[in-house]
Amino acid sequence: SGNDDDGGGSAPEAEFNASINGGSFGSNYSSRLGFYSTTTTNGVTIAITDQNQNIIRMFLNETGGFDTVIKEIGNVDDNGFVTNVIIRDQDAMITYNSSEGQIVIKENKSNPEVEGGRLISGDFNVTAVINTGETIIMTGTFKNIAY
């Protein structure tokens, strides 16, 4: 047992698209998926590397689960983990930390490629800052991210 003899099927391709405005990113920087990884140690963490090697990490805590739910930036779950987004501009070597906003999970479905695996989709609107007070705003969508 354990083998999947019914052909399983393949998962739809993952997508990530974001527009970042302000700070070192300038006006309407377009971030597209290069590659990504996920971990499920404390909630779900999605680590996106975009086409220019910039890194966006989305930390989704356990509050409300992972089906259709709004994840508020700054929310702390029962285990002490925070829903947060970190945005790293690799060229400028600046890391922005989310201060407000939300990540909306719109779909969470079974991954046909991985037994027990899930595919998560949604959108986000996040304000992030650095210690100088410089602010950026990132909005966008993610689709079929496997975890």
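1. Asp123 is partly exposed, at 22% relative accessible area (buried means under 20%, exposed over 50%, partly exposed in between, with a 1.4 Å probe and protein chains only). The model is a predicted one, in which local features need pLDDT of at least 70, side-chain atom pairs count only at pLDDT 80 or more, and totals for chains, interfaces and linings use all residues. Residues are numbered from 1 along each chain as its sequence is written, and side-chain values use heavy atoms, with hydrogens and water left out.

2. Confidence. The mean pLDDT of the protein chain is 94, and 95% of the residues score at least 70 (pLDDT is the predictor's confidence in each residue, from 0 to 100). Over residues 1-7 the value stays under 50, and the model has one contact beyond four places in sequence for this stretch (contact means heavy atoms within 4.5 Å).

3. Salt bridges. Two are found in a search of the whole structure (a side-chain nitrogen of Lys or Arg within 4 Å of a carboxyl oxygen of Asp or Glu). Asp123 pairs with Lys106, with 2.9 Å between the closest N and O atoms. Because Lys106 lies in strand S7 and Asp123 in strand S8, this pair ties together parts that are 17 residues apart in sequence. Lys106 is exposed, at 52%. The other bridge joins Lys109 to Glu107, with closest N and O atoms 3.8 Å apart; Lys109 is partly exposed at 29%, as is Glu107 at 33%.

4. Val126 and Thr127. Val126 belongs to strand S8, as does Thr127, the strand covering residues 118-129 (strands are DSSP runs of E, at least two residues, and helices runs of H or I, at least four, numbered from the N terminus). Val126 is buried at 0% relative accessibility, and Thr127 is buried at 15%. The C-alpha atoms of Val126 and Gly101 are 4.4 Å apart, although the two residues are 25 apart in sequence. Beyond four places in sequence, Val126 touches residues including Ile73, Val85, Gly101 and Met138. With the same exclusion of neighbours within four places, the contacts of Thr127 include Asn97, Glu100, Thr135 and Ile137.

5. Nonpolar core. The largest core has 29 residues, of which Val85, Ile87 and Phe124 touch the most other members (a core is a set of buried Ala, Val, Leu, Ile, Met, Phe, Trp, Tyr and Cys residues joined through side-chain atoms within 4.5 Å). Among the strands that each supply at least two residues of this core are S1 (15-21), S6 (84-89), S7 (94-110), S8 and S9 (135-146). Phe124 has contacts beyond four places in sequence with Phe16, Met58, Ile103, Met138 and Phe142, among others.

6. Aromatic rings. Five aromatic pairs are found in the whole structure (rings of Phe, Tyr and Trp, the last by its six-membered ring, with centres within 6.5 Å; planes under 30 degrees apart count as stacked, over 60 as edge-to-face and the rest as tilted). Phe25 and Tyr29 make a tilted pair, 5.2 Å centre to centre with 45° between the planes. Phe25 is buried at 9% and Tyr29 is buried at 15%. Phe16, Phe124 and Phe142 are linked into a cluster by ring pairs.

7. Charge over a ring. Lys71 lies over the face of Phe66, 4.3 Å from the ring centre (NZ of Lys or CZ of Arg within 6 Å of the ring centre and within 35 degrees of the ring normal).
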